[in-house]
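Open the coordinates in your viewer and keep the selection tool at hand. The stops below go from the sheet to a helix, then to a pocket.

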Amino acid sequence: MSTSDEVREIALALPETTEKEAWAMPTFRVGGKMFLTLPDDQTSMAVRCPKEERDELVLAEPEKFWVAGHEAPFAWVRVRLAALDDADELRAIVVDSWRQAAPPGLLKDHPGLLPPT
């Protein structure tokens with residue numbers, strides 16, 4: 001089972017990531033853009049996800065992914081930490097969200113964090 005401590009460790013290991021408290025919860029940012037939050041009791045995380053992909057994820061794996069009502073208009077999805085398969089899946093989700101928020105120059109400087117082509 002993945003934990004909020006593991007989420008924090010993975011997120012903060014990514015280049016130029018900062019943690020900031022907002023809305024009474026930890027949020028993680030790169031280049032000033034938020035890419036991850038640990039809402040509520042920190043048993044889930046919210047990450048950036050294009051709406052088309054988000055809807056597919058929720059339909060395919062509703063035990064892992066869902067959309068909070070207030071986040072529906074935005075490109076975010078919630079992830080149940082306990083439902084993740086392993087640390088590799090957790091890392092892949094966090095890194096993908098980071099990539100969506102990272103400035104292009106930072107992505108260029110860290111090609112190892114880009115998805116395989």
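The tour that follows names what to select at each stop and says what is found there.

This is a predicted model, in which local features need pLDDT of at least 70 and side-chain atom pairs count only at pLDDT 80 or more, while totals for chains, interfaces and linings use all residues. Residues are numbered from 1 along each chain as its sequence is written, and side-chain values use heavy atoms, with hydrogens and water left out.

Begin with the strands (DSSP runs of E, at least two residues, numbered from the N terminus, as are helices, which are runs of H or I of at least four residues). An open sheet is formed by 6 strands in the order β1-β2-β3-β4-β6-β5, with antiparallel pairing; two strands pair if DSSP finds at least two bridges between them. Select β1 (17-22) and β5 (65-66), the edge strands, each of which pairs on one side only.

Next, show α3 (87-101), which packs on the sheet and touches β1, β2, β3 (33-37), β4, β5 and β6 (76-80), contact being heavy atoms within 4.5 Å. The direction of α3 makes about 40° with that of β4, where axes are lines fitted to C-alpha atoms, for helices over the stretch in contact, and angles run from 0 to 180 degrees between N-to-C directions.

Now zoom in on β1 and β2 (residues 25-30), antiparallel strands joined by 6 bridges. Glu19 has Phe28 of β2 as its bridge partner, and Lys20 stands opposite Thr27 in β2. In the hairpin of these strands, with 2 residues between them, Trp23 takes a positive phi near 55°.

Move to Asp5 and Arg8, whose side chains meet in a salt bridge at 4.0 Å, N to O (a side-chain nitrogen of Lys or Arg within 4 Å of a carboxyl oxygen of Asp or Glu). Asp5 and Arg8 are separated by about one helical turn because they are 3 residues apart in helix α1 (residues 4-13).

Finally, select Val47, Glu53, Phe65 and Asp96, which are among the residues lining the largest pocket. A pocket here is an open set of points on a 1 Å grid over the protein atoms alone, where a 1.4 Å probe fits, with protein on both sides within 12 Å along at least five of seven lines, and lining residues have an atom within 4 Å of a point. The largest share of this lining, 3 residues, comes from α3.
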